[in-house]
Amino acid sequence: MTSKRADVRRIMLALSDASSLPDLWRAATEHLADQEAELVTVFFNDDRWRRAASLPFTREILRISGGSTEFTRTRAEKLDREIIAAVQRRSQQFATEAKVRFVFEILSEQEIIKIHELLSSESDILIAPISFQGRPIYNEIARLKCQIRFV
Amino acid sequence: MSGTSDRIRALAVPLSELHKACQPLSIEAGRDEEAAARTAYFGQQRAIDAIRFGIQLDSEGYNVFVLGPLGSHRHGLVEKLAQERAQDKGAPDDWCYINNFSDPERPRVLRLPAGRGGEFRDNMQALIAEIRLAIPAAFENDDYSNQLKALEEETQEELDDLWRSLHEQAAKENITVLQTPTGYVLAPVRDDKVIDDSEFEKLPEEKREAIKKSIQRLSKELQLRIESIPKIRKRYRERVRALDREVAAHAVSVLLNDLKKKYDHLPGVLSYLDEVQKDIIENAQQFRQTEAPVLPFLSHDSSAIFASYEVNLIVSNEPDAAAPIIYEPNPSYPNLVGKVEHRAEMGALLTDFRLVRSGALLQANGGFLILDIHRVLGRPFVWEALKQALFTKQVRIESPAETLGFVTTTMLKPEPVPLDVKIILIGERWLYYLLSAYDREFSNLFKVAADLDDDIERSTDNVTAYARLIAERVQQRDLLPFAAAAVERVIEQRARHAEDGERLSMHMRSLDDLLIQANYWAKQRRSDMVAVEDVAEAIRQRKYRQNRLQNKVVDAIKRDTLLIDTSGECVGQVNGLSVIDLGEYRFGHPARITATTRVGKGDVVDIEREVKLGGAIHSKGVMILSAALSARYAPDVPLSLHGTIVFEQSYGGVEGDSASIGELCALLSSLSNVPIRQNLAVTGSVNQLGRMQAIGGVNEKVEGFYQVCRERGLDGSHAVIIPHDNVKHLMLADEVVEAVRNEQFNIYAARHIDEVIEILTGQEAGKRGKDRQFPPGTINRLVEDKLIQYAIKRQRFSEGTSNDKQAS
């Protein structure tokens, strides 16, 4: 027996990397199954890499070997571009499979007004990975009226 | 003249010698149980003794080669004698191939007492079935799940601690750990925000240095943690494996202990069971594998995991059985040695110890293997493989390509199986002699030759025994009983088959054919017994079915296409006799031989040889003629003759020397100018002293001339002259014997050329008197005079030529 859901105006997927995409999309499609809601996927651009890369002594310690390599601005920007492209491509695949339409947005954590517009109502839902709680923007969102689901 | 006639009459072969009738027999084949007692293989005692000797002597190289023609019932004899010994030897051990757990490409062989191989295979199958249930059940047990979960949690906690402590330490120093797709970045933070370069530059010098040092130190800490993660995971896996082993060991030892008790007297089996136990414990994780494969089409039957514990029984014997006697009718390499089969899987050919198959050598191991040598030699690599197996006393199951080193792919190499087998090769004599001459290893491996006789002496005892043999074969084949007269007729035919009135053929297939066919004709006339006329009908019908070519030849003679005179006289022309052999049937027919003579250098030209239609033996016979002329006539003058001899209208090869007497007579007729009677034919070879010698196919030759004469009308003048030494071989057809009895046809037996020429010309040959001269008017005198004339003419001619040269 399933409980009847309250009307949802908008579902927003908060993305910062591609690792939790399948779970996020699964949760989103479950909500969309009996709702006429708008689906927005927002990639929160993490400027921490670029900021860290601006420091001359920052190095990346490789997970596979423990070795280290220089972490430059170029490297940080490249990582950003690659992640956005990967997230957008995979989101499109999930949307095609689920036969839903979606809007893809890229926001920085400073674009608070835009976030307020997207999650202003109680009938808005934010679906985010659990690691999202560590992002500074989360503190802003937590103050909004929207519903929040972690996967 | 009357003396000559008397001498010729004396040379006529007595009627009783033309067809040696069988002694009266009291046996009725098929009715007399006692008579049908075991009589098989009488007359083959030497061969039987040799086979028994070879079969009983268990020593290296004492394998047996049975020599004898096709149809001599060699296989039956060998199997019968092998059975006698097989009972004493008893059943040999069973052989299995089992997995080699340390090197699966080299399957091991396991030996068990007769009958235990199949039992062990079944026991292992049952064990596998139990293990398939027991081991997964052990892993599904709550105790196991709890222990596994505890290990997982312990490990995860250890990993979490690593990161937690790092994060805590970094946070204390206002450093954050950022994750990238490939690693980690340590960055200074202030108010939860990563400091960028402009903010960093604004910090006091000592603060900046402190941040750098913190990041440097934390980086090392991070590196150490990264390096320790694989070790933690490895430790986890080892602990899980140890747990799995512990669980599996407990489950499997319970199951295996019973089996070990059952085979505690077989160390090989116990050792194998220990290996099975060790392998199951080592690979315990596989038995609880429940995850789906990465690629769905790679999923495989779970039974494959347990397949390595199966037993491939390649040789199985009943415990109370006799030693095996295997006859392999198709001794191809795989059928003899064995093979390793493959199965196709995902486009690849795979194999393992379960697909090793034994060949006849292993099936016969501990017993006897009977092979036809012509089949062994006719199949690639088989002879070498057989010899190798006998030399090494083991069977190595591998493909010929592997043996020859043509394959570089990794192949299965099953452990060789020790071999103790007695090989009995069966073949014709020429193959035995060929191998003896050209294969040096042959005599070391096949030290016993058992030579089956083609025929036996036609003694009174042997005839009686032969009648019993007929009775036995009639019973074995469930034929109608044979009347005594029919048995007698069969025995007479066996003498004819042996081409000797004093011997009996031991060719069993042709005997069986005659009995079966006589039985058929008896049934055709709705008789409940085979009578003499049925045997005669069988012989007649067989001839009728096969004599198409013979009738063509007779017809050609009758219509004067082939020129053969059967009346009148002619100088230098004689009727010879030849035989055409069609394999299962042969027949004789007359052939015209002509000779011409003139002055020459003492040579007799064989036209057949000149055009390469004459064989070596025929040419030898013709050359003897020159020697015979030289030895008999005008010894004091050079032989100054040029003679030519030809087989008229012969378009195929001529072989044998049985026409040499006819050729000599044609020469003598030509030299003496005395005509030869054309109503006679002659066959026989002659030596250079004029002595006649026996030839083959005498019966067919006589019958061949008789048939031509009969077609043209017998008048009592027709006859055949044969060597006296061939009289014992006469077993002529009833029709010919009847014709002689009615004085319509005659057969003369001669010992010397003088007797032959007297019969052919009706004139006295002549013997040298005290004056060393042949009597005037005799054939020999005429010949000698002509040869002296030739010598004088030749001398004059030579002198004339010489004078001409001097004058010129």
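## The interface between the two chains

The area buried between chain B and chain A comes to about 2,100 Å², and carbon and sulfur atoms give 60% of it. These values belong to a predicted model, in which 27 residues of chain B are in contact with 24 residues of chain A.

The polar side of the interface can be described in two ways. Three salt bridges are counted between chain B and chain A, and one of the salt bridges between these chains joins Asp196(B) to Arg51(A), with their closest N and O atoms 3.8 Å apart. Across the interface of chain B and chain A, 14 residue pairs are found in polar contact, both residues of each pair being at pLDDT 80 or more.

## What chain B brings to the contact

On the side of chain B that touches chain A, the elements giving two or more residues are the strands β4 (175–179), β5 (183–190) and β6 (193–194), together with the helices α7 (197–202) and α8 (205–262), all of chain B. The largest share of this side comes from α8(B), which gives eight residues. Sorted by class, the side of chain B that touches chain A has 14 nonpolar residues, six polar residues and seven charged residues.

## A strand pairing across the chains

## The parallel sheet of chain A

Chain A holds an open sheet of five strands, paired in parallel and arranged in the order β5-β2-β1-β6-β7. Its edge strands, each of which pairs on one side only, are β5 (103–108) and β7 (147–150) of chain A. Neighbouring strands of this sheet are turned against each other by 25° on average, with direction ignored.

Inside the sheet, strand β1 (residues 10–15) of chain A runs parallel to strand β2 (residues 38–45) of chain A and is joined to it by six bridges. In this pair of strands, Ile11(A) has Leu39(A) of β2(A) as its bridge partner.

## Helices lying across the sheet

Helix α1 (residues 21–32) of chain A lies across β1, β2, β6 (124–128) and β7 of chain A, and its direction makes an angle of about 175° with β1(A). Helix α3 (residues 73–98) of chain A lies across β1, β2 and β5 of chain A, running at about 165° to β2(A).

Methods. Residues numbered from 1 in each chain as written. Chains lettered and ligands numbered in written order. Predicted model: local features only at pLDDT ≥ 70, side-chain atom pairs only at ≥ 80, totals over all residues. Heavy atoms only, no water. Contact = heavy atoms within 4.5 Å. Buried area = accessible area lost by both parts, 1.4 Å probe. Salt bridge = Lys/Arg side-chain N within 4 Å of Asp/Glu carboxyl O. Polar contact = N/O pair within 3.5 Å; in protein donor to acceptor, adjacent residues only side chain to side chain. Helix = DSSP H or I, 4+ residues; strand = E, 2+ residues; numbered from the N terminus. Nonpolar A, V, L, I, M, F, W, Y, C, P; charged D, E, K, R; others polar. Pairing = 2+ DSSP bridges. Axes fitted to C-alpha atoms, helices over the stretch in contact; angles between N-to-C directions.
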